[in-house]
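Please open the structure in your viewer and keep the selection panel at hand. The stops below follow one another, each with something to select.

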Amino acid sequence: MTSKTTLDAARVELLLNELRLPGIKLMWAKLAEQSDKEGWPAARFLAAIAEHEMVDRGRRRMERHLTEARLPAGKTLATFDFESVPMVSKAQVMALAAGDEWLAKGANILLFGPPGGGKSHLSAALGLALIENGRRVFFARTTDLVQRLQIARREFGLESAIAKLDRYDMLILDDLAYVTKDQAETSVLFELIAARYERRSMLITANQPFGEWGQIFPDQAMTLAAVDRLVHHATIFEMNVPSYRRKAALDRKRGPGRPATHATSKKAEKPDAD
Ligand code: ADP
Ligand code: MG
């Protein structure tokens, strides 16, 4: 290296610091060396650098989106066993995971079913898939989010708290049924639903379908109004299957070679078997 190129290199490092381009700072020297050796035209060198920066930014953005989403760890579509939930079409879920149209119109997904049937798993897995497709998602237990919004309202910041959630293409409200029945709490939930209607998507899981929702909202008019908005554009999955946890425990107990779906012994089916 001549002293002139050494000087240039030092300037580049300084400038990249100043421009806050740490990704380029890490790799430009190697690319420059290759470019010099192979006699690249300047435009090709610049394009190679710019491309690296693009990829790097995309990766960092996705990492940020993953962190902010607060998804429960380890729940993916790849590890979701669709065979245990025959009423949920894998093809349909994969289409939803691709995002686009339904997110663009602020449509919703509603998952109903008894505990252990995979509602939280499927929600988190869908959330993860959407993030991998460049979307922004936020996963919350309904009680936690309602509590946050209630605090915001007390401080006269409900509207802006709800507006902040607009940044998420999909808001996952897990376990709607566990919202307490206090009037004040449930009306913040209604305001959230009304604010996102036809604009931003929600995925809601609940143990009970709508028939029981009268207990979630303060009065019948509000329940109807909420349900109306949620279902207007919605994909609904009724996951009425036995608890997967229970099934997994039974499978372990039976040992290898006897899949639960084929087991018929009375003993294994006894409700207290696990
Ligand atoms: P729910 O939210 O409906 O109560 P979860 O999603 O929490 O149920 O499921 C309970 C446990 O069983 C979780 O550990 C989840 O990962 C697992 N599970 C449930 N359904 C499936 C499935 N179809 N394939 C793989 N794992 C499942
Ligand atoms: Mg759950």
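## A pair of rings

Select F82 to begin: its relative accessible area is 11%, so it is buried, a word that here means under 20% relative accessible area, with exposed being over 50% and partly exposed in between, using a 1.4 Å probe and protein chains only. This is a predicted model, in which local features need pLDDT of at least 70 and side-chain atom pairs count only at pLDDT 80 or more, while totals for chains, interfaces and linings use all residues. Residues are numbered from 1 along each chain as its sequence is written, chains are lettered from A and ligands numbered from 1 in the order in which they are written, and side-chain values use heavy atoms, with hydrogens and water left out.

F80 and F82 form an edge-to-face aromatic pair, 5.0 Å from centre to centre and with 80 degrees between the planes. Rings of Phe, Tyr and Trp (its six-membered ring) pair if their centres lie within 6.5 Å, and planes under 30 degrees apart count as stacked, over 60 as edge-to-face and the rest as tilted. The structure holds 4 such aromatic pairs.

## Further rings

Select W213 and F217 next, both of them buried. Their ring centres are 6.5 Å apart and their planes stand at 40 degrees, so this pair is tilted.

Then move to Y197, where R229 lies over the face of the ring at 5.8 Å from its centre; a charge sits over a ring if NZ of Lys or CZ of Arg is within 6 Å of the ring centre and within 35 degrees of the ring normal.

## The ligand

Which of the 16 residues around ligand 1 come nearest? They are D81, G116, K119, S120 and H121. By class, this shell has 5 nonpolar, 7 polar and 4 charged residues.

Look for the oxygen atoms of ligand 1: one is 2.7 Å from an N or O atom in the side chain of K119, and an oxygen atom is 2.8 Å from an N or O atom in the side chain of K75. Taken alone, ligand 1 exposes 550 Å², of which the protein buries 85%, with accessible areas coming from the Shrake-Rupley method with a 1.4 Å probe.

Terms used:
Near = heavy atom within 4 Å. Polar contact = N/O pair within 3.5 Å; in protein donor to acceptor, adjacent residues only side chain to side chain. Nonpolar A, V, L, I, M, F, W, Y, C, P; charged D, E, K, R; others polar.
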